[in-house]
Amino acid sequence: MLLERIHTDHKHISKLLNLLDKKAIRLEDGEAINLNFLRDVIDYLQRYADHSHHPMEDILYHYYLDKNGGSQGAIHRLEEEHAILREATDQLMDTLNMILNDAVVPRDRLIANIKDFAAMQRRHLAQEEEHVLPKLEKELTDEDWQKVEQRVSETLIKDPLFNNEKDSDYDELRAYLADLGEI
Ligand SMILES: [Fe+2]
Ligand SMILES: [Fe+2]
């Protein structure tokens, strides 16, 4: 069911945000971190969160707004935030690629970028989990959910990280999450 999938995606995204925070703390402590690994986290968020999860939510939110007259500020804002988050993900990826290509980026700036990014993503998730999704769950009927499910079918891709397949990208990240019992 679509709502379950959204909740599951949010749990997965939260795990990765925790991981980003851990990496920021390591950087603050002056330790070295594996940047390719960090790049994989951001790559996954670009590929899946920004290009499948958020478009799926946009379809759901539009459906809800069309049905209910369409002036619900909090739900409109989420769609705007999807665009802002996508830009933030792209920017963080650019920063990581610059460092991986030996450009000098101050450590403090990288730390601040990672922390701001994780905080922004968390605020968005909390808004959806605590306010918007419970409202939609209460107000949309089974028939509504079926219609939305049909509409999102072309947008949704298979989750490229949190799946049970052996051969995949993100091998290192997957192994790390498996060690933590998070996958
Ligand atoms: Fe969202
Ligand atoms: Fe979401």
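Which residues coordinate the iron ion (ligand 1)? They are E57 (OE), H82 (NE2), H124 (NE2) and E128 (OE), at 2.0 to 2.2 Å; donors are N, O and S atoms within 2.8 Å of the metal (3.2 Å for Na, K and Ca), and with water not among the atoms, sites may look incomplete.

This is a predicted model, in which local features need pLDDT of at least 70 and side-chain atom pairs pLDDT 80 or more, while totals for chains, interfaces and linings use all residues. Residues are numbered from 1 along each chain as its sequence is written, chains are lettered from A and ligands numbered from 1 in the order written, and side-chain values use heavy atoms, without hydrogens and water.

In sequence, the donor residues of the iron ion (ligand 1) follow the spacing E-x24-H-x41-H-x3-E. E57 lies in helix α2 and E128 in helix α4, so the pair ties together parts that are 71 residues apart in sequence. Helices are DSSP runs (H or I, at least four residues), numbered from the N terminus. E57 also coordinates the iron ion (ligand 2), which is 3.1 Å from the iron ion (ligand 1).

Elsewhere, L16, L19 and K22 in α1 meet L173, Y176 and L177 in α6, where contact means heavy atoms within 4.5 Å.

How values were computed: Helices (H or I, at least four residues) and strands (E, at least two) are DSSP runs, numbered from the N terminus.
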